[in-house]
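Please look over the structure shown here before reading on.

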Amino acid sequence: MKVITANFVTCSVKECKTSPNSFPLHFHDAELEMQELDFQPEFIRNVIPRIDWEGLRVTANELGFPSLPETKPEGEALYDEQTLKDLHRLLLETQVMEGRLICGNCSHEYVIKEGIANFLLPSHLV
Amino acid sequence: MDAAEVYEQKNVHEVYQQIAEHFSSTRYKPWPIVEQFLKELQPGSVGLDVGCGNGKYLTVNKDVFIIASDRSENLARIALQHQPHSTVVADIMDLPHRDAFFDFAISIAVVHHISTSARRVQAIAEILRTVKRGSETQSGGKILIYAWALEQKNSRRGWDKGDPQDIMVPWVRKAKSADDQPQTFNRYYHLYEEGELERDIDQAGGHVLESGYEKDNWWVIATPKTAS
């Protein structure tokens with residue numbers, strides 16, 4: 001599971017959707033692997049405006065990455081090659097292969113196995 | 001689990017787990033309407049492919065980012081190869097995504113596997129929930145839904161208006177090796193009749209923008225209704 005994915009998912013439990021505590025889900029026992037992907041500056045530049053920066057800062061911190069800047073790169077900063085390369089590496093090349101994602105609202109745990117997170121709910125939570 | 005969920009588990013989910021590999025090898029050509037819908041998106045759009053199967057639509061437009069999901073882990077694993085996108089295992093009835101966030105969502109040949117009318121409407125409502133609401137200053141997120149048509153008298157199957165809509169369709173899995181036998185699996189389908197998909201979208205809170213028929217399927221492009 002790529003780091004960017006964590007920015008676009010939340011808890012599957014309906015009642016959690018309205019709680020601010022359900023985003024982002026929290027990584028536990030994450031095992032990371034780097035996977036090299038083609039660097040496409042245009043793609044990163046286009047996607048950054050859709051990233052929840054606060055959420056990404058929480059995720060990056062939990063995964064042990066150096067702190068991200070406090071504010072999201074905008075305007076000129078989106079044309080800084082190093083900034084885009086760093087984000088490419090964090091968002092797309094960093095894979096969480098094993099671990100758990102935990103909801104801060106209901107505490108339900110979603111397992112990540114061989115790079116895929118499973119968001120199916122046990123029947124008592126549906 | 002209620003009866004409908006147990007039924008779908010046995011007659012849809014377990015079948016796709018079993019046939020994932022063979023099914024995937026037969027699904028590679030994007031349908032034209034889906035291709036066009038994806039190609040018209042703004043660069044940087046972020047959206048969902050709900051019930052992505054082998055992920056054949058993930059590569060259509062390289063300027064958008066898609067979070068793909070499937071109920072079958074075996075299919076989700078096959079879809080994982082399509083970079084730079086993401087794939088997760090999720091259920092269409094309980095999607096792990098925030099409200100009103102995404103620019104678009106597609107769900108191609110998925111809702112026809114849901115076994116009651118109420119649940120099909122609920123599934124479409126769940127997809128609509130994830131896309132942006134329209135306002136006076138911005139247009140809402142768009143969803144594209146595809147479902148198998150009852151009216152397909154020129155197809156190999158030959159069904160037409162008046163035939164039963166809730167049916168089992170066999171999938172014959174080819175032998176995996178010389179000492180393996182071909183095996184038949186039956187999948188549940190609800191065949192949509194003309195106008196039915198539009199009605200389901202409306203009931204689910206969607207406003208139909210465009211609709212039509214392509215390759216034995218009914219399709220609809222819709223956006224969440226705005227409060228009026």
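Helices (H or I, at least four residues) and strands (E, at least two) are DSSP runs, numbered from the N terminus. This is a predicted model, in which local features need pLDDT of at least 70, side-chain atom pairs count only at pLDDT 80 or more, and totals for chains, interfaces and linings use all residues. Residues are numbered from 1 along each chain as its sequence is written, and chains are lettered from A and ligands numbered from 1 in the order in which they are written.

**Contact between the chains**

- On the chain B side, 24 residues are in contact with 28 residues of chain A; two residues are in contact if their C-beta atoms, placed from the backbone, lie within 7 Å.
- At least two residues of the side of chain B that touches chain A come from each of strand S2 (65-70), helix H3 (73-79) and strand S3 (86-89) of chain B.
- S3(B) gives the largest share of that side, four residues.
- By type, the residues of this side of chain B are 12 nonpolar, five polar and seven charged. Ala, Val, Leu, Ile, Met, Phe, Trp, Tyr, Cys and Pro count as nonpolar, Asp, Glu, Lys and Arg as charged, and the others, Gly among them, as polar.

**Cis peptide bonds**

- Phe23(A) and Pro24(A) are joined by a cis peptide bond with omega of about -10 degrees. Pro24(A) sits in the loop between helix H1 (3-6) and strand S1 (26-34) of chain A.
- In chain B, the peptide bond from Gln83(B) to Pro84(B) is cis, and its omega is near 0 degrees. The loop between H3 and S3 of chain B holds Pro84(B).

**Positive phi angles**

- Asp29(A), in strand S1 of chain A, is not a glycine but has a positive phi of about 50 degrees. Asp29(A) is exposed, with 9 other C-beta atoms within 10 Å.
- Glu114(A) is not a glycine either, and its phi is positive at about 45 degrees. Its place is the loop between strand S3 (109-113) and strand S4 (116-117) of chain A. Glu114(A) is exposed, with 10 other C-beta atoms within 10 Å.
- A residue is buried if 20 or more other C-beta atoms lie within 10 Å of its own, exposed if 12 or fewer, and partly exposed in between, with C-beta atoms placed from the backbone.

**Helix H4 of chain B**

- The 14 residues of helix H4 (residues 117-130) of chain B should span 20 Å at 1.5 Å a residue, and the end C-alpha atoms are 21 Å apart, which agrees. The expected span is 1.5 Å times one less than the number of residues.
- Buried residues in H4(B) include Arg120(B), Val121(B), Ala123(B) and Ile124(B).
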